[in-house]
Amino acid sequence: QRTSGRRTESWTVRIPEGVREVIGRRLNRLSERCNETLTVASIVGREFEFGQLKALVDDMSEDRLLDVLEEALGARVIEELPDSLGRYQFTHALLQETLVDELSLTRRVRLHGRIAEALEDIYGEDVEAHAPELAFHFEQAQGILGTEKLIRYSVVAGKRASTAWAFDEARDYFYLARESLNESSDALLRAEVEFGYGQARSANPEEGDFQACFDLMRNAFDMFRRLGANEQAVTVATGFPLQTVQFVVGADEMVASAMEIVDEGTRDHALLLAMQGFLIREIAGSDDEVKGALEKAVELSARLGEKGIQAHVLAVQAHRSAAELDFERALSTG
């Protein structure tokens, strides 16, 4: 989940009116100041921290804020989270949703904006670790804060999700960033977003979607090359899944183009050689060409001493042998 406070659909329709009335009566027993504080907390998310509220609630000392939270705790509207000092959560999601739904759209957007900017200050140098939470608040506040930081934190969140192999989540973040780009967006950022979105989609493409995913990656590759960002372009060329690259048109051209700009003797060079050896067969290359490219990849990966690269290159060799029905060699290589 991007953040505990993310609303994927409106609870207004789903909460029976009788339940809403019961929740309303429960909240009405609290002081006005307590309700105001809980309203701010509800926009932060189902979970929130004392330090966050302290930065967001005006004209309230720490002692007074603690009194207000004690009042909410006593009414069992919120509860302290164990093993996490100063962290709370609403006892039920419906309590949070009811408070949120009572706000006007304008008030809600402005609160998201205040929260987004306050959280940036609170997190400081650790801000990227909280990118999903910040992307959510900047998304909700884009009507008043614009899309620059929404895109920034969506890209960071997308990269972190990809690193964690959470490709569906990464796809959603990069899609959000892609939809938020405008004419003034930086060209390198645009290419980065296109690459992230294409890579996340290609990791789990829908049936028959291989070419569409590759086209996104190829578009990112071409943008990076035009901008002279050769290192990023090579990263794109080595980032498309090997198991699907054989089903697309244009992969051989992209790899050949990347070979022109890659630094020789690097891990990326080894990866490109392996992919080139794999693709040569697909475009009716000779056995000698296939063998030569793969042998170069194996030799280079061994010289580099990177186990991950060696494993990848040997897997390509095994895949190639299996495609030629040489299963004995495929098993020995793998």
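Figure 1. The model is predicted. The ring centres of Tyr-175 and Tyr-197 lie 5.9 Å apart with the planes at 45°, so this pair is classed as tilted. Tyr-175 belongs to helix α10 (residues 167-180) and Tyr-197 to helix α11 (residues 187-203), so the contact ties together parts 22 residues apart in sequence. Tyr-175 is partly exposed, at a relative accessible area of 40%, whereas Tyr-197 is buried, at 9%.

**Figure 2. Stacked rings of Phe-210 and Phe-247.** The centres of the two rings are 5.5 Å apart and the planes meet at 25°. An angle under 30 degrees counts as stacked. Phe-210 sits in helix α12 (residues 210-226), and Phe-247 in the loop between α14 (242-245) and α15 (251-259); the pair therefore ties together parts that are 37 residues apart in sequence. Phe-210 is partly exposed, with a relative accessible area of 25%.

**Figure 3. Aromatic cluster of Phe-48, Tyr-88 and Phe-90.** The three residues are linked into a cluster by ring pairs.

**Figure 4. Negative surface patch formed by Asp-63, Asp-67, Glu-70 and Glu-80.** Helix α4 (residues 62-74) supplies the largest share of this patch, three residues. Asp-67 is placed in helix α4 and is partly exposed, with a relative accessible area of 47%.

**Figure 5. Salt bridge between Arg-87 and Glu-47.** The structure holds 16 salt bridges. In the one shown here, the closest N and O atoms of Arg-87 and Glu-47 are 3.1 Å apart. Arg-87 lies in strand β3 (residues 87-90) and Glu-47 in strand β1 (residues 47-49), so the bridge ties together parts 40 residues apart in sequence. Glu-47 is partly exposed, with a relative accessible area of 27%.

**Figure 6. Salt bridge between Arg-201 and Asp-209.** The closest N and O atoms of this pair are 2.5 Å apart. Arg-201 and Asp-209 are both buried.

**Figure 7. Salt bridge between Glu-253 and Arg-218.** The closest N and O atoms of Glu-253 and Arg-218 are 3.8 Å apart. Glu-253 in helix α15 and Arg-218 in helix α12 are 35 residues apart, and the pair links distant parts of the chain. Glu-253 is partly exposed, with a relative accessible area of 49%.

**Figure 8. Salt-bridge network of Glu-47, Glu-49 and Arg-87.**

How values were computed: Residues are numbered from 1 along each chain as its sequence is written. This is a predicted model: local features need pLDDT of at least 70, side-chain atom pairs count only at pLDDT 80 or more; totals for chains, interfaces and linings use all residues. Side-chain values use heavy atoms; hydrogens and water are left out. Rings of Phe, Tyr and Trp (its six-membered ring) pair if their centres lie within 6.5 Å; planes under 30 degrees apart count as stacked, over 60 as edge-to-face and the rest as tilted. Helices (H or I, at least four residues) and strands (E, at least two) are DSSP runs, numbered from the N terminus. Buried means under 20% relative accessible area, exposed over 50%, partly exposed in between (1.4 Å probe, protein chains only). Patches are made of residues with over 30% relative accessible area and no salt bridge: like charges are joined within 9 Å, nonpolar side chains (Val, Leu, Ile, Met, Phe, Trp, Tyr) within 5 Å. Accessible areas come from the Shrake-Rupley method with a 1.4 Å probe; for residues, only the protein chains shown count as cover. A salt bridge is a side-chain nitrogen of Lys or Arg within 4 Å of a carboxyl oxygen of Asp or Glu. Lys and Arg count as positive and Asp and Glu as negative; His and the chain ends are not counted. The place of a charge is taken as NZ of Lys, CZ of Arg, CG of Asp or CD of Glu.
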